[in-house]
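Here are some notes for your read-through. Please keep the coordinates open while you go down the points.

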Amino acid sequence: MKELKDIENISFEELERIASDGSIRVPEGLQASVKATIEAAAAAEDAKRKAQRRFAWLPYVSAFAAVAVCAAIVFIAPERTAPKDTFDDPAAAYAELEKTFNYIAQKMDKGIQMAEAASQEPLEIMSNTINRTY
Amino acid sequence: MKKIIIIAAAILMTASAFAQDGKSIYNKYSDEAGVSAVYISPAMFRLMGRLPDIEVTDGESFNLGAFVRSLTGMYIINSENKDINSSLKSEAERMISKGKYEMLMEAKDDGETVRMYTSGTDKIIDSFVFLVKEPGEYTFICFDGKMDRAEVEKAVGETMKKL
């Protein structure tokens, strides 16, 4: 039996001659075995390419996520940090709170007065109409 | 590429929604020119809750001390800067529209608009927002906490009686 180095040293003409020699017996099932091996190798290569294609977006998304996290740290984090108390003294803070309550109450009262005035108008119109009629 | 755009949009939407509350608005505008700002922290509210003066009940039955202790933050932004006013107004309105706020009151008179909103449940108010738009001025007031809705309504009623 020839060794690999012997086969490598054979010229193309000699190889062609050996291949076309019908007297040399080919082992049974060799063709099927070679075909199956080639097909399996092709299938493995195809699966590898598909897998690469399936995760092709991963580096882009990773890069984008990194940018998004940096943007969040730069833009959102400062807005989430706790502000500094305006007052050191609870009594002063309470005075400001009272002032705020009074401000809100004044503004609310304006709304209430407007609502009351609006509810009085139809009553006045009805009353005037009744007085004019009778 | 579509996936990247969708993810980007989702992140930006989440970020913008996340940014909208009293604290973020306060942090954004409190240092601007023509703006006066007041912030009272949860720790300060706890200290205020220990003040002897507020232990007395206000009026007939309203316990101001309990009410103050239920607050965890107060943010006030008052702007007289025209450029800030429009931006602050849109930020405040975005906060209201993004959150689950319910309008309690709106009054418009002589160029002044007052709006009051609350968010929370039937029993608890977790955020109270008061917006006042006046010519050349805009005021944003936000209270955070776990306020008893009945107590707040009682306080509002008592305040009305006093005026």
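1. Start with the sheet in chain B. It is open and has 6 strands, in the order S1-S4-S8-S7-S6-S5, with antiparallel pairing. Keep in mind that this is a predicted model.

2. Which strands stand at the edges? They are S1 (35-40) and S5 of chain B. Each has a single partner strand, so one side of each is left without a neighbour in the sheet. On average, neighbouring strands are turned by 10° against each other, direction ignored.

3. Next, one pairing in detail. Strand S7 of chain B covers residues 124-134. S7(B) pairs with S6(B) in the antiparallel sense, over 8 bridges. For a specific pair, take B:Thr118: its bridge partner is B:Phe128, in S7(B).

4. Two helices of chain B deserve a look against this sheet. Helix H2 (residues 22-29) lies across S1, S4 (71-79) and S8 of chain B. H2 runs at about 40° to S4(B). Helix H3 (residues 42-49) of chain B packs on the sheet and touches S1 and S4 of chain B. The direction of H3 makes about 115° with that of S4(B).

5. The largest nonpolar core has 38 residues. Those with the most contacts inside it are B:Ile25, B:Ile40, B:Met74, B:Tyr75, B:Ile77, B:Phe130 and B:Phe140. Which strand gives the most to this core? It is S8 (residues 137-148) of chain B, with 6 residues.

6. Check the backbone at B:Asp110. Phi is near 50° there, a positive value in a residue other than glycine. Where does B:Asp110 lie? It sits in the loop between strand S5 (101-109) and strand S6 (112-120) of chain B. Is this residue buried or exposed? B:Asp110 counts as exposed, because it has 7 C-beta neighbours inside 10 Å and the cut-off for exposed is 12 or fewer.

7. Last, chain A. How many helices and strands does chain A have? Its secondary structure comes to 5 helices and 0 strands. From the N terminus on, the elements read α-α-α-α-α. Chain A has 134 residues, and buried ones make up 5% of them.

Key:
Residues are numbered from 1 along each chain as its sequence is written. Chains are lettered from A and ligands numbered from 1 in the order in which they are written. This is a predicted model: local features need pLDDT of at least 70, side-chain atom pairs count only at pLDDT 80 or more; totals for chains, interfaces and linings use all residues. A nonpolar core is a set of buried Ala, Val, Leu, Ile, Met, Phe, Trp, Tyr and Cys residues joined through C-beta atoms within 7 Å. A residue is buried if 20 or more other C-beta atoms lie within 10 Å of its own, exposed if 12 or fewer, and partly exposed in between; C-beta atoms are placed from the backbone. Helices (H or I, at least four residues) and strands (E, at least two) are DSSP runs, numbered from the N terminus. Two strands pair if DSSP finds at least two bridges between them. Axes are lines fitted to C-alpha atoms, for helices over the stretch in contact, and angles run from 0 to 180 degrees between N-to-C directions. Two residues are in contact if their C-beta atoms, placed from the backbone, lie within 7 Å.
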